[in-house]
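Here are my notes on the backbone and on one helix pair. Please read them beside the model.

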Amino acid sequence: MLGDEKSVRDIVRESWLRRFEKMQAGNSDTVVVDDTDHEMIARTDKVEKEPPREIIVLSDEEESSVTSKQSLTPIKLRKRARSPGSPFTSESFAKRMSITDPNDVVYVSSDEEKEVPKNVLKEAGSSSETKKRVLLPPKKKQRNPQTPHNDSIVPPFNPIHNPTYDRHILTRSQTLSTILGSPDITHSYLFSFQYDMDFILRQYNAHPKIMAVFQRGTLVPSDLINEHNISLVEITMEQYSSHHPKFIINIHNNSEMRIWLLSCNLTNAEFNYNNQMYWVSPPLFKKQNITQNKFQNNLIRYIDGYTQNHARAKLSHLKTSIMEFDFSLVKGDFISSVPGPTSSYGYLGLFKSLESQGLIPNTWNHRRKLLYQSSSIAGPVRWKNEQASNIFTHAIAPLLLGQFGQDLSKSKIGLLPGTASVDTFERETNSEVLIIFPTEKGVGSSLFGYDSGGWSHYNPESKIGQFQQSLLNPRFHKSYTQQRKTNPSHTKFLMMSSDNFKTLDWVLFTSHNISKQAWGDLPKRGNSLECVIKNFETGVLITKNDYDGRKLVPLEIGTQKIMSDDEVPIYLPFHVPPEKYGAGDVPWCLQKFNSLQDHDNN
């Protein structure tokens, strides 16, 4: 159901007020202030100061149909919520924290702490315009023996801070303000599907040269644009296609580069509702006589995928900069999709990366499990006599499990439509294909209720979607963690395990949903090495080879475990091995939500 901008904002604002009311009613001492909480106050209150200005949510079909002639219309997430009584508002929250305006909080780094007088909270400056409160970072504590990882091994994936669920800051969690807030950023390149420019630009503490690459109709402008040195690069997309990457490249002092891959688009709501994760490169520095590695080469190939003349010209400086930096410390491979016919992007590019590392099975003497956690599942790629083919179950899964062999020139990619062909392939390869997708009950019982389901798309009751029910229902598993319960994840993870998820053979963190637009369609007969992709997508592939054969050990976010020297923690926003849907569980369907009631009776 569509609504105007004001109605969408009102709905979201009321949802946030209900949340604060629930905090006050359920636990009067939910917020604890001590020396270790200063960072949390500075982060969470800054984010929660105002509700999201805009929520723009598209299904795969809607997301793909944005064209140059369309502007993005906000979608009303659900029927109007009940009016909260005596709301515990963000203003009263700030008052309890003795912070009159979160924008008046300055977070001081450890190095800058030496410059601050010992009276911890101090007013800096005399004029009203410069008057700010200084919050020192938490004092360093002695290392907890229950450390979740070795100091020498940085977990490749970590959580975006969620102020609702994370009462205490999780290890290595980030906010957009910590990603963009460094005062020494000189260049910042943004790639996303959705932009709330007012939210984004408020996170910068400097005035770098900013470039935002976007699809027409997906950027909410802001008056703050006039105060920044920003270049907007608009990409024209074909019908049923999307500019869907989610990454940021920051250059610091013109000499250091950091690359951030995110699971969320650049909007206030996405950073605060669903579970989100990030990957970040180590600091990269300029070096002469650089030998480029696979990540760097494939990132450059992705930038080359912007073939429209104006975009290619504007991105030429970024391409040159990438070539100047040393990527030798980067672990993993950059996996991407760009629109057009291809044999080296999408699922064929992922296959080639895994095959080059010897990770495509050619024997099946032990059981393997291939798991895909996705926030959206598109309709079937083919159907015949009410039998459907899904791009994951019928192309990607058998390809990555070795069903089509190592030499694709001699194979026909794609199973016959229907469930029987997938069951047969699983038996022949001694494998199991699993999908994690939120249940209707799980979304309804999360803290935001059905509001949180606005980013999860799957319609099993559409005219052609119903053909997938018998295929996908037996393979659906629940999304759950102790830290964030049943809150849906906007992440997309694809991974393989040969020991029931005690360890992982490899894991892909990506923007690709389960759709042919993202990965590519089934190759046409007689041309098994080429598929057609519609979207721009980005991701990073981590394998045990990247860590010299160390074990990749999956862990829920928020958990701790003593790790040995030969183990690498892989944090995930869901539990593995995942729990299968129960008898009463059905997949969340956004199209049905107006007829449902969540735990708030909305």
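1. A definition comes first: a crossing is right-handed if the near helix is turned clockwise from the far one by less than a right angle, and left-handed if anticlockwise. In this predicted model, helix 10 and helix 11 cross in the right-handed sense.

2. Now the geometry of that pair. Helix 10 covers residues 346-356 and helix 11 covers residues 391-400. Their axes come within 10 Å and cross at roughly 20°. Helix 10 therefore runs roughly parallel to helix 11, because angles under 35 degrees count as such.

3. Which residues make the contact? Helix 10 supplies Tyr 347, Leu 348, Leu 350, Phe 351 and Leu 354. Helix 11 supplies Ile 391, Ile 396, Leu 399 and Leu 400. By class, the contact has nine nonpolar residues, no polar ones and no charged ones.

4. Check phi at Glu 386. The value is near 65°, positive in a residue other than glycine. Glu 386 sits in the loop between strand 17 (382-384) and strand 18 (387-389). Is Glu 386 buried or exposed? Glu 386 counts as exposed because its relative accessibility is 57%, and the cut-off for exposed is over 50%.

5. Asn 500 also deserves a look. Phi is near 55° there, a positive value in a residue other than glycine. Asn 500 belongs to the loop between strand 21 (493-497) and strand 22 (506-510). With 38% relative accessibility, Asn 500 counts as partly exposed.

6. Last, a peptide bond. Val 576 and Pro 577 are joined in cis, with omega about -5°. Pro 577 is in the segment after strand 26 (567-572).

Methods
Residues numbered from 1 in each chain as written. Predicted model: local features only at pLDDT ≥ 70, side-chain atom pairs only at ≥ 80, totals over all residues. Heavy atoms only, no water. Helix = DSSP H or I, 4+ residues; strand = E, 2+ residues; numbered from the N terminus. Buried < 20%, exposed > 50% of the residue type's maximum accessible area, 1.4 Å probe, protein only. Axes fitted to C-alpha atoms, helices over the stretch in contact; angles between N-to-C directions. Parallel < 35°, antiparallel > 145°, perpendicular 65-115°, else oblique. Contact = heavy atoms within 4.5 Å. Nonpolar A, V, L, I, M, F, W, Y, C, P; charged D, E, K, R; others polar.
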